[in-house]
Amino acid sequence: PPPPPPPPPPPIATAASASSSAATKQQAKERLKAPMLSGRYAVKFGRRTKKVKLDIKEARGSLDALAEQVCVAFDIRGSSVTIEYIDVDGDKIVIDDDGELEEAVREMGEAKKVLKFFATEDISDDEQFGEMGEESDSRPRESYHSGERLMSIPVGDDDLRTPSHADDLQDICHPVVSRYCNWTVVATAAFLALGMAAYGVSFDLISTRTPTDPRHIGGPRGPTHYPVIRPWTNRPSVAPAPSVGSGSGDDGPSMSPGQRMAIEKGKKTTDDGPSMSPGQRMAIEKGKKNTTPPPTIVRTPLNPATPELTGPPSAEGPAPTWHPTYAPAFETDFPTIAASAVSTEKIDDPSNPKYGVQATFEEDRVAFWAHQRKVRGDEAAFKKKHYNNFGKGYDMLWTWEISRGQTCSRLEKEKEAGFSPKYLINLASLSGGAPTSPLGFDPQLLKRHAIQYANMILEYYENSPKIRDGVYPKPMSTSHQADKGHEEGMDALAQMFARKLVHKDKFVMAFFGSSVTAAQDNCFHHAYPLQLGRAIRPLLRLAGVDTEIRASGQNGDGGPSEVQMRCLEAITGDINEVDIVNFGWWMIPTRPPSRHETIRRLLASGVLPHFSEFTGGGDLSQDEKLGYYKLGMMEIHEWNDVARPNWYPALGKSHWGRMGDGYCHRETREGALGVIFYNWHPGPIGFQVISDLWLYRYLRGIARACEKIQTALREHKNLHISFPKQRTPLSLPKPPRCSHTDTSPLCTGMVDKGFNNVKCTIGQHPKWGSRANISEWAIQTDERGSPTVQGGKDVPRVDLAPWQLVEIKHKSTCGRSCNGAGGGTPTVAWYKSAPKCEHPDKGMALHSRGTEWLGFRLPTLVEGIVRLCNKMKGKGWNGWSDNDVEVLLNGEKVTSINFRNHALPGNICFEVANDVTLKGTSPWVSIRSTNGKQIEIWAIIAE
């Protein structure tokens, strides 16, 4: 080529040119002083557009400042961004340096047009090339799948799966296609992948990448600021020496591209060349050989009290902050953890002196639990914060469960390595010890078993005060005094257990409640009453005491709770056989004063009333509760304070079907699926929490009962006298709300007679005792409604026609647990039809047909009160009148019936009689419809 022409001679300086040059410099200085970008500007990143407030005063470094503020506005971490704008001609222009940004501002200002920016994430050097040098695909970071941005599935070293050695096909499939994930589909996809690879097309359905590979898996990347899951390292005795580490390897933690970018931004800028954007500097760095030494990293021991890990201070710029990686990552040195554990002793042998001693947990174990709680809390906080932010692929249950499963499995490995369970008990291999006269067991050994069992439950929940204090009245602890009434209440509980242990009587618990108690949407085998029975039965059996659970929870179609409480003995059987009655009416509140009356009836009968849900709502004052606490009443305020359902993104529907109880227990101790809520109904592990709260309290009661027996033996007392078989009558406190003029049953002492003055027949099932059905009292009548008598006795009515005995409430079902809730694992087919999965609850009622009479012979009345009840909650007998029904009492027509009687709330019962002259009599009642309107009788109450 020809030589280039010589350069033109320099211009001759003149006064005019000098003055124009000075003016140009002055204008440039003024531009640099004035705000360059001030106000709110529209910035679009991906599919999101925001008004970003900018206040950039100088042209130098303006592009970096703009990029930084865009990253902050859109929460972009770990990478740089490219800035574009739309010029006056409508073209999208990339801004490469500060001068171009200044020109864009000037151009759009002169044209009086709005300046709009577009931002896209850059792909850094390490993202285009893996750490081992393998080339990766270079797809844009901001990509979409089905209109949503998906989160990548974090894969740990321990959980890596390939098609050749996969334990579970679901482990290697992207959650978006998990429902179609089978070997046929995978084989077809692999065939297509090979064919597409021949033409240079990338196919990314199955991935075996390492967790340090920043590429996404089968879809766009999730958030780059996923919380770091830090390994536990015990507090060292001396400060560790700093080590020098590169970006990867064993000599230091790896750095994300954002961390390296932070280091580069911290370096001093020089004036020997134009300012450069982060992208330009990165491009230059790519061309250079990596000859500079890596930054020095201090490996600080991890401890809950240790601040965030940062790099050392540097004279070249601020210390780089260690941003979290996009997926949970562990660098746990398991042998070191095991070696650093203060105590790995396992206490499981009854001959060990530490067995059966109140649990004590060493400081490092407590600190380790705090570390694990922080990890779980960080993950939960991140997921809750970003729920519904990254699209359905991130929010879907399988995506959550895979990542959470990996988190929990790594935490479990940490626990196994250094702080495995300390207090263990094998109930199947225990014995009651050498018989102590006149007992068939050793009370000292049984006490140790009970304490050891309680210690195991406490450790299972990481010594949570929610387990110790979850049942009210609360015991004394290091943080608070015992609630008033706690000691007296525990004595009442211990006295009950002592009677059982001495006389070898069966321990009977009865349960009432709504669909939660009935285990709706679960197999009935997993109901909390049954779990509690199975948990406590092996311990009491060591002393020769059997355990029986009488659970009659009803789903939402069940009868009114007020009638169930009044007719309690008709359901549980003889009240003298029952030791504890537990109530759990969640979401179906019991109207006052039914709950208060029932508490007094039970205590007067020597039965302990326990509530699995809070008894608040104005039914009981705190002073009234205190009096009942002292007699053995107990209650749980919030069981899910222990289970932490807020381990999920948001209460509502987002936690339905998800696994775990907040402690990384992903199945129950019995091996059932660890779902905490299938919907508003708990799952097996939710029921386990309710059961464990009562179990811990009852174990403490059994231990105290053994102490009472030991004391009596040392003092040579007769155990049958100290702990009589018959219950000792209790002196009930008078309700503070009662006045001298109050004639309500609560204040007149009517309810203080227990259930001796109440007899019912009721259509609720299951039930125990002699009352088999609602038709038990039915007798034959003639056409006038009078009883048919033979040999001086009523003729029982076997054939009810034209009346019918109808099932008005269908039993609960396994529902969502059998079908799989929210994409969760369904119950296996064979288990659905297993007898232990069947629910026993149902409801029966008598329905009239036509205008025929139906008569009943009632038991002897104590108060002279007769009521007929239906099951129509919230409706009752509203709308009925004397024109619809005819009632006879001992042959006389009952007139002016008050169908809105409030003796029982809800208008569900109307009074046939309330007459003191009927006391001691056994009247008969007949009823019929006068106009064919259907009558429903679900319960008959005779008081």
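**View 1. The buried residues of helix α3.** In α3 of this predicted model, Asp98, Leu101, Ala104 and Met108 are buried (under 20% relative accessible area, with a 1.4 Å probe and protein chains only). Seen down the axis of α3, these buried residues fall within an arc of 120°, so they line one face of the helix; the arc is taken from the directions from the helix axis to the C-beta atoms. They pack against β1 (37-45), α2 (62-74), β3 (81-86) and β5 (116-121), contact meaning heavy atoms within 4.5 Å. Helices (H or I, at least four residues) and strands (E, at least two) are DSSP runs, numbered from the N terminus.

**View 2. The disulfide of cysteine 523 and cysteine 837****.** The sulfur atoms of this pair are 2.1 Å apart, a disulfide being a pair of cysteine sulfur atoms within 2.5 Å. The torsion about the S-S bond is about -70°, so the disulfide is left-handed. Cysteine 523 lies in the loop between α15 (515-518) and α16 (528-541), and cysteine 837 in the loop between α26 (829-832) and β20 (842-847), so the pair ties together parts 314 residues apart in sequence. Both cysteines are buried.

**View 3. The disulfide of cysteine 869 and cysteine 909****.** Here the sulfur atoms are 1.9 Å apart. A torsion of about 105° about the S-S bond makes this disulfide right-handed. Cysteine 869 is buried, with a relative accessible area of 0%, and cysteine 909 is buried, at 1%.

**Notes.** Residues are numbered from 1 along each chain as its sequence is written, and side-chain values use heavy atoms, leaving out hydrogens and water. Local features need pLDDT of at least 70, side-chain atom pairs count only at pLDDT 80 or more, and totals for chains, interfaces and linings use all residues.

How values were computed:
Buried < 20%, exposed > 50% of the residue type's maximum accessible area, 1.4 Å probe, protein only.
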